[in-house]
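This report describes one protein model, from its overall fold to selected residues. Please keep the sequence and the structure in view while reading.

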Amino acid sequence: MRDLAGFLIAFGAMALVFSLIERLFPSIPGQRRWRSGARTDLVYWLAQPLLFKPIVRAVTAAAVIALALLSGVAADRTSLAEWITRGHGPLARLPLAAQAILALLVADLAGYWVHRLFHTTGLWRFHAVHHSSRELDWLASVRAHPFNELFASIVHALVLVALGFRIEILAGVVPFFTLYAILLHANVRWSFGPLRYVLASPMFHRWHHTSEEEGLDRNFAGLFPLWDLVFGTFHMPVGRAPRTFGVLREQVPEGFLQQLAWPFRAPSPNAHHTPPMTPAPRR
């Protein structure tokens with residue numbers, strides 16, 4: 001009950017803040033507050049912390065313990081806790097501030113490739129649920145299939161723990177990326193000006209969500225556009241913003257339960273996400 005109360009307070013605070021900045025700095029002026037799909041997104045906002053997250057945490061913890069055992073750690077609680085909690089190897093001996101900076105870089109690089117994998121393989125149908133919002137704002141940020149969340153969580157945790165980062169670093173990185181992702185989905189025109197190549201901005205991510213051909217399969221990074229610049233997937237033309245969003249060439253159902261079931265249904269014969277990826281022009 002206390003967790004629910006805390007969630008409702010946090011949700012109310014975010015609703016006030018994001019409603020204000022979306023009104024003051026809109027990317028698409030006049031977009032409806034109670035837009036199409038808002039009811040579905042509200043169900044996700046409740047399901048993510050109350051239903052999906054506990055399962056994701058439990059399975060991720062089991063994966064981390066399995067990694068420890070495969071790495072030769074003794075199968076007792078003390079040894080496992082020592083290896084996982086305090087970290088191991090050279091990285092664990094670095095100051096926490098240095099570990100935090102490196103963990104952000106490593107987690108974002110891992111996230112880039114996980115995100116790109118979801119776009120370019122059969123995993124796309126799970127990720128398409130997240131892209132199904134045709135009117136993009138902060139409320140749409142948590143619309144994500146639980147398998148999408150589970151897969152990404154396991155990869156992030158295994159990479160960071162395998163490299164030796166202390167578990168408290170992981171505990172800080174995950175909430176940070178979650179909050180930053182909410183900002184990235186907001187209906188605001190911010191591109192961060194001269195920092196556009198340093199930090200992912202809402203405009204950077206809006207190009208990722210567009211259904212316009214030029215933006216498809218671009219801008220995978222969650223924090224540092226560096227990865228998109230390096231791997232040829234950066235796209236954020238100056239002075240222009242995308243206007244249409246959603247999934248191209250397939251119709252993802254709108255209801256919450258229908259979206260959970262949709263990835264397991266056979267795709268339509270003509271279903272195809274995007275043409276083969278080619279490097280985007282850097283602008």
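**Basis of the values.** The model is predicted, with local features requiring pLDDT of at least 70 and side-chain atom pairs counted only at pLDDT 80 or more, whereas totals for chains, interfaces and linings use all residues. Numbering starts from 1 along each chain as its sequence is written, and side-chain values use heavy atoms, with hydrogens and water left out.

**Overall architecture.** The protein contains 11 helices and zero strands; helices (H or I, at least four residues) and strands (E, at least two) are DSSP runs, numbered from the N terminus. The radius of gyration is 19 Å, close to the 19 Å of the globule rule for 283 residues, so the protein is as compact as a globular protein of that length. That radius is taken over C-alpha atoms, and the rule is 2.2 Å times the number of residues to the power 0.38. The C-alpha trace spans about 55 × 45 × 45 Å along its principal axes.

Of the 283 residues, 47% are buried; buried means under 20% relative accessible area, exposed over 50%, and partly exposed in between (1.4 Å probe, protein chains only). Among contacts with a separation of 6 or more, 74% join residues 24 or more positions apart, a contact being heavy atoms within 4.5 Å.

**Aromatic pairs.** The whole structure holds 20 aromatic pairs. Rings of Phe, Tyr and Trp (its six-membered ring) pair if their centres lie within 6.5 Å; planes under 30 degrees apart are stacked, over 60 edge-to-face, and the rest tilted. Two of these pairs are tabulated.

| Pair | Centre distance | Plane angle | Class |
|---|---|---|---|
| Tyr112 and Trp113 | 5.1 Å | 85° | edge-to-face |
| Phe126 and Phe147 | 4.6 Å | 40° | tilted |

Phe126 lies in helix α6 (residues 124-131) and Phe147 in helix α7 (residues 146-163), so their pair ties together parts that are 21 residues apart in sequence. Phe126 is buried at 12% relative accessibility, while Phe147 is partly exposed at 29%. In the other pair, Tyr112 is buried with a relative accessible area of 0%, and Trp113 is partly exposed with 37%.

Helix α9 is mostly covered, eight of its eight residues being buried. Among them are His205, His208 and His209, together with Arg206 and Trp207. The buried residues of α9 pack against α5 (96-120), α6, α8 (167-184) and α10.

Ser211 is located in the loop between α9 (202-209) and α10 (226-230), and is buried at 16% relative accessibility. Beyond its neighbours within four places in sequence, Ser211 contacts Leu216, Thr244, Phe245, Gly246 and Leu248.

**Positive phi values in loops.** Which residue in the loop between α8 and α9 has a place in this section? Phe192 is found in that loop; although not a glycine, Phe192 has a positive phi of about 70°. Phe192 is partly exposed, at 26% relative accessibility. Arg249, in the loop between α10 and α11 (256-261), is also a residue other than glycine with a positive phi, near 75°. Its relative accessible area of 39% makes Arg249 partly exposed.
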